[in-house]
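Okay, thanks for coming, everyone.

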Amino acid sequence: MTASGKTTVLLTEKKNAKAVKVALEKEGALNKSYRLSSISSSLSSFNSYSLNGLPLSDIIEHSSRFIAIPIHDHFIQGRTDHKENKLLAFNLVVGHATQVCRFSSSVLGNANRQLELTSNNSLNFVQNVLLQAILTYQPSSDKGSILKVVEKLPTKTVPHKLELMGDDRTLVIPSRALNSASDSIFEEMLHNLIGDSHRKDFMSLLWQHLADTHRSHRVVRRGEIDPNSKVRESGHSILWIDPEVERTVDSEYGEN
């Protein structure tokens, strides 16, 4: 699954998407961390501009006509009046909202470069990857506050290093590490910083960041060997597989 995150978007008809995107780029308002997306059920906090007056129900009903264009939050502040924004004056934008959009390939493909921007601190390597994933998913978050939260996570939650297994460099996550199901500390962090409704998308992004920084195409969680199994199956569970790499999943791995 392609990782996604929630962001502020402008809503416009698809026929106007190119014009709106070009104008946003000129103003430095286009958020290039995300891709343009179709209207989805994750759309929320909708604000209709009085010039167009389209209610959310109409946009949802005719969602195939519209597209969500990711923007930086500061572009919205103080600009709800169409007289202050030429895009609105030309009837090209029907409103703004928040929506889950897919991350751009530049965000997912440059995890190592992004990691360098955050690694000048006291965190271990895995903590730094976690920090960067949070800041990528929640770009408006205060870096200092997030850093303090991640810094307090114990080693059992965020180990100093992770194991690479086999010739295909499968990345192995310890059974209790980065695991909200068995770790109340990590569960609380996700609840407070990410929110329960977006947890799955965030964890997918985190697995991809960890895979990229370890040059791996598959991430699994370590399982215990079943003493009653005649074939000594490991019980590892798959957390993430690179969707662009065709791989045969060995029978020793179970479904996520």
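At roughly what angle do the axes of helix α8 and helix α9 cross? For α8, residues 184-193, and α9, residues 199-213, the crossing is at roughly 110°, and the axes come within 11 Å. Axes here are lines fitted to C-alpha atoms, for helices over the stretch in contact, with angles running from 0 to 180 degrees between N-to-C directions.

Before I go on, the ground rules. This is a predicted model, so local features need pLDDT of at least 70 and side-chain atom pairs count only at pLDDT 80 or more, while totals for chains, interfaces and linings use all residues. Residues are numbered from 1 along each chain as its sequence is written, and side-chain values use heavy atoms, with hydrogens and water left out.

Back to the helices. That angle makes α8 and α9 roughly perpendicular to each other; the classes are under 35 degrees for roughly parallel, over 145 for roughly antiparallel, 65 to 115 for roughly perpendicular, and oblique for the rest. The α8 and α9 crossing is right-handed, as in the near helix being turned clockwise from the far one by less than a right angle, with anticlockwise being left-handed. As for who touches whom, Phe-186, Glu-187, Leu-190 and His-191 of α8 are in contact (heavy atoms within 4.5 Å) with Arg-199, Phe-202 and Met-203 of α9. Those residues split into four nonpolar, one polar and two charged. On that count, Ala, Val, Leu, Ile, Met, Phe, Trp, Tyr, Cys and Pro are nonpolar, Asp, Glu, Lys and Arg are charged, and the others, Gly among them, are polar.

Now the other partner of α9. Helix α6, residues 125-137, and α9 have axes that come within 9 Å and cross at roughly 135°, so α6 and α9 are oblique to each other. The α6 and α9 crossing is right-handed. On the α6 side, the contact residues include Phe-125, Val-126, Leu-130 and Tyr-137, and on the α9 side they include Phe-202, Leu-205, Leu-206 and Leu-210.

Zooming out, the chain has nine helices and nine strands, where helices (H or I, at least four residues) and strands (E, at least two) are DSSP runs numbered from the N terminus. Of the 256 residues, 46% count as buried; buried means under 20% relative accessible area, exposed over 50%, partly exposed in between, with a 1.4 Å probe and protein chains only. Among contacts between residues at least 6 apart in sequence, 72% join residues at least 24 apart.

Okay, single residues. Is His-236 buried or exposed? His-236 is buried, because its relative accessibility is 5%. Look for it in the loop between β8 (218-221) and β9 (237-241). The His-236 side chain reaches the backbone nitrogen of Gly-223 at 2.9 Å.

Which residues have a positive phi without being glycine? Ser-45 is one, at about 50°, and Arg-215 is another, at about 55°. Ser-45 sits in strand β3, residues 44-48, and is exposed at 53% relative accessible area. Arg-215 is in the loop between α9 and β8, and is exposed too, at 59%.

Last stop, Lys-32, in the loop between α1 (17-27) and β2 (37-38). Lys-32 is exposed, at 54%.

Definitions and conventions. A polar contact is a pair of N or O atoms within 3.5 Å; within protein, one must be able to donate a hydrogen and the other to accept it, and residues adjacent in sequence count only if both atoms are side-chain atoms.
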